[in-house]
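Biologist: I have a structure open and want to learn how to read it. Can we go feature by feature?

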Amino acid sequence: MERLQKVIAASGIASRRKAEELIKNGHVKVNGEVVTEMGVKVDNSDSISVDGKILEKELKEYYLLNKPRGVITSTSDDKNRKVVTDYINTNTRIFPVGRLDYDTTGVLLLTNDGEFANILTSPRNKIDKVYLAKLEGIIKGEQINQLKDGVIIDGDKYKATRVKLKKINKEKNTSMVEITIHEGKNHQVKRMFETVGYHVSKLTREKFGDFTCGNLKSGEYRKLTIKEVQVVYSQKNKEV
Ligand code: URA
């Protein structure tokens, strides 16, 4: 269920404020009845009209993008830098599911389905987010254990579900580490490694739930299948 003014605004015919005015002034009907009070909730089965014109129900769209480096995870940028939605050919107002930093690459989902996005980003659902991080320095077992036990950042504890050392390069003094987390706080992976003493020089999200980039090259995308969307919905509030 969504608030009526939000649904009207999401259809693109009016801003949220204008939608509230339309409701107050008696322009809006739900299932044929004029509604003038604020806060009425509607769902997909309700027919909503504004001045007699029925709102088209927006079809849901789902995309998987292999996000390139140097792109902002947003739908617009005031400095005119490239944003992730520039890569997707659609007229629908889609948004990214969670965030990747400007210099992070890899799996990014985009949709206009808020519930789908919530399922994937809610820590309660314990969806795996798997990252491959290149570190400056050779990481030690002790630091890997610290990440698994949990590190404190700004008073909150962040625990890695899994940490795997993939490769070390003694000459270049770098380590490649795969880390799995369930939350998606701002710069979380970089900050977790900083806390145990390592700078992340490259970061790629290899997996988000079951999604990987597969054969997609940097900047390429594909639509999700109905089956893939259903699998996400089946993970809603799963108890682990
Ligand atoms: N953690 C980070 O530090 N950056 C990202 O882009 C994603 C997770």
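Biologist: Which polar backbone atoms lie by an oxygen atom of the ligand, such as that of Asp-101?

Modeller: A polar contact is a pair of N or O atoms within 3.5 Å; within protein, one must be able to donate a hydrogen and the other to accept it, and residues adjacent in sequence count only if both atoms are side-chain atoms. Here a polar backbone atom of Asp-101 is 2.7 Å from a ligand oxygen. For Lys-190 the distance is 3.0 Å, and for His-187 it is 3.2 Å. The protein covers 97% of the 240 Å² of accessible area that the ligand has on its own. Such areas come from the Shrake-Rupley method with a 1.4 Å probe; for residues, only the protein chains shown count as cover.

Biologist: How far can I trust these atoms?

Modeller: This is a predicted model, where local features need pLDDT of at least 70, side-chain atom pairs count only at pLDDT 80 or more, and totals for chains, interfaces and linings use all residues. Residues are numbered from 1 along each chain as its sequence is written, and side-chain values use heavy atoms, with hydrogens and water left out.

Biologist: Which helix gives the largest share of the shell around the ligand?

Modeller: Helices (H or I, at least four residues) and strands (E, at least two) are DSSP runs, numbered from the N terminus. Helix α5, residues 188-195, gives three residues to the shell, the largest share.

Biologist: Which residues of α5 are buried?

Modeller: Buried means under 20% relative accessible area, exposed over 50%, partly exposed in between (1.4 Å probe, protein chains only). In α5 the buried residues are Gln-188, Val-189, Lys-190, Met-192 and Phe-193. Their cover includes strands β10 (129-136) and β15 (199-208), and helix α4 (141-149). After α5 comes Gly-197, with a positive phi near 100 degrees.

Biologist: Now Asn-112. Where is it, and is it buried or exposed?

Modeller: Asn-112 sits in the loop between β9 (105-111) and α3 (114-121). Asn-112 counts as buried because its relative accessibility is 8%.

Biologist: What does the side chain of Asn-112 reach?

Modeller: The side chain reaches the backbone oxygen of Leu-59 at 2.8 Å. A polar atom of that side chain also lies 2.7 Å from the backbone nitrogen of Glu-61. Contact means heavy atoms within 4.5 Å. Leaving aside neighbours within four places in sequence, the contacts of Asn-112 include Thr-92, Arg-93, Ile-94 and Phe-95.

Biologist: And how many helices and strands are there in the protein?

Modeller: The protein has six helices and 16 strands. Of its 240 residues, 41% are buried.
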